[in-house]
Amino acid sequence: MTIQEEAVRLHGEGCNCAQCVLCACGAYTALDKETALAIASGFGGGVRCGEICGAISGAVMAIGAAAKQSRNDSSALTNVASLTKKTTGAFRDKFGFVRCLDLKRAGVPCDDLIAFGAETAEELIKGERGE
């Protein structure tokens with residue numbers, strides 16, 4: 001099963017968008033499912049107020065957690081900032097928006113956002129690790 005399929009499967013189980021992406025990236029973050037679910041629980045629905053898409057939030061959380069696993073030097077934080085900008089840019093380029101309310105108004109299905117968030121996080125994490 002691909003990371004995208006796993007993330008969408010979790011959505012079918014009732015997880016919010018951020019939870020789906022962060023949990024699906026578990027191989028990169030070293031977070032167990034219960035911890036990832038707890039951390040991302042408040043980020044669904046655009047931080048529960050329609051703002052930044054939960055799939056983006058989940059991807060950024062995964063990137064940050066993966067950076068901690070990769071190295072403990074100060075460059076990890078700089079790289080996370082850069083990768084965060086790449087993540088939001090990729091979502092904006094593909095879907096036109098980064099806000100949950102705007103994405104919903106445009107009719108973008110959550111499953112598309114979740115799959116893209118998981119794929120984007122995985123690609124950026126692997127790229128950062130040189131995989």
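Modeller: C53 counts as buried, because its relative accessibility is 3%. The model is predicted, so read each value as computed from predicted coordinates. A disulfide needs two cysteine sulfur atoms within 2.5 Å. The structure holds zero disulfides. C53 is in none. For C53, the nearest cysteine sulfur belongs to C17, 5.8 Å away. C23 is likewise in no disulfide. Here the nearest cysteine sulfur is that of C15, at 5.7 Å. C23 is also buried, with a relative accessible area of 14%. The cut-off for buried is under 20%.

Now the surroundings. Of the 131 residues of the protein chain, 43% count as buried. The chain exposes about 6400 Å². Carbon and sulfur atoms supply 53% of that area.

The fold is helical: nine helices and zero strands. From the N terminus on, the elements run α-α-α-α-α-α-α-α-α. Residues 24 or more positions apart account for 65% of them.

Next, the overall dimensions. The radius of gyration is 13 Å. A compact globule with 131 residues would come near 14 Å, so the two agree. Along the principal axes, the C-alpha atoms fill a box of roughly 40 × 30 × 25 Å.

Last, charge. The protein chain has 14 positive and 16 negative side chains. The centres of the two sets lie 5 Å apart.

Key: Residues are numbered from 1 along each chain as its sequence is written. This is a predicted model: local features need pLDDT of at least 70, side-chain atom pairs count only at pLDDT 80 or more; totals for chains, interfaces and linings use all residues. Side-chain values use heavy atoms; hydrogens and water are left out. Helices (H or I, at least four residues) and strands (E, at least two) are DSSP runs, numbered from the N terminus. The radius of gyration is taken over C-alpha atoms; the globule rule is 2.2 Å times the number of residues to the power 0.38. Buried means under 20% relative accessible area, exposed over 50%, partly exposed in between (1.4 Å probe, protein chains only). Contact means heavy atoms within 4.5 Å. Accessible areas come from the Shrake-Rupley method with a 1.4 Å probe; for residues, only the protein chains shown count as cover. Lys and Arg count as positive and Asp and Glu as negative; His and the chain ends are not counted. The place of a charge is taken as NZ of Lys, CZ of Arg, CG of Asp or CD of Glu.
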